[in-house]
Amino acid sequence: MTVKLALVVRTDLGMGRSKIASQAAHAAVVAALASYGGADFETWLGDGQPKVVLRVSTGEHLLEVVRQARAGGLPVHVVQDAGRTQVRPGTVTCCAVGPAASHRIDAVTAALPLL
């Protein structure tokens, strides 16, 4: 079984590359810590922590991805920015889906373009 982590980032906020990287890193760290010790985590870690970074163009689309992932029983972690730099406090910037079986994540994210 292949296990991966999908990071889904909003592109409508005008975040710079560094800000996007930071937000995606927040999502990845929270997802990894939340799954630590589980079977999916161990497989994911042993396979080199496969990740894919995808994009959505609106906050509404991101929240729809979150809803679909949760409905599918996938682990989901939403990142809300602290608002110290480029976006307002509480702005939802991205989410992490997984780590989980790739086919389960693909059922939710396959139509999303790469960032």
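How far is the sulfur of Cys-95 from the closest cysteine sulfur, and which residue holds that sulfur? Keep this in mind as you open the model, which is a predicted one.

**Stop 1: the cysteines**

Select Cys-95 and show its side chain. Its sulfur lies 7.0 Å from the closest cysteine sulfur, which belongs to Cys-94. That is too far for a bond, because a disulfide needs the two sulfur atoms within 2.5 Å. Now select Cys-94. Its closest cysteine sulfur is the one in Cys-95, again at 7.0 Å. The structure holds zero disulfides.

**Stop 2: helix H3**

Next, select residues 59–71, which form helix H3. Check its length. At 1.5 Å a residue, its 13 residues should span 18 Å. The C-alpha atoms at its ends are 18 Å apart, so the two values agree.

Color Gly-59, Leu-62, Val-65, Val-66 and Ala-69, which are buried. Then look down the axis of H3. These buried residues fall within an arc of 120°, so they line one face of the helix.

Turn to the face pointing away from that buried side. Here you find the exposed residues Glu-60 and Ala-71.

**Stop 3: around the helix**

What covers the buried residues of H3? Select strands E1 (3–10), E2 (51–56), E3 (76–80) and E4 (92–101), then helix H4 (102–109). The cover includes each of these elements.

**Last stop: after the helix**

Finally, click on Gly-73, which follows H3. Its phi is positive, near 75°.

Methods: Residues are numbered from 1 along each chain as its sequence is written. This is a predicted model: local features need pLDDT of at least 70, side-chain atom pairs count only at pLDDT 80 or more; totals for chains, interfaces and linings use all residues. Side-chain values use heavy atoms; hydrogens and water are left out. Helices (H or I, at least four residues) and strands (E, at least two) are DSSP runs, numbered from the N terminus. The expected span of a helix is 1.5 Å times one less than its number of residues. Buried means under 20% relative accessible area, exposed over 50%, partly exposed in between (1.4 Å probe, protein chains only). The arc is that of the directions from the helix axis to the C-beta atoms. Contact means heavy atoms within 4.5 Å.
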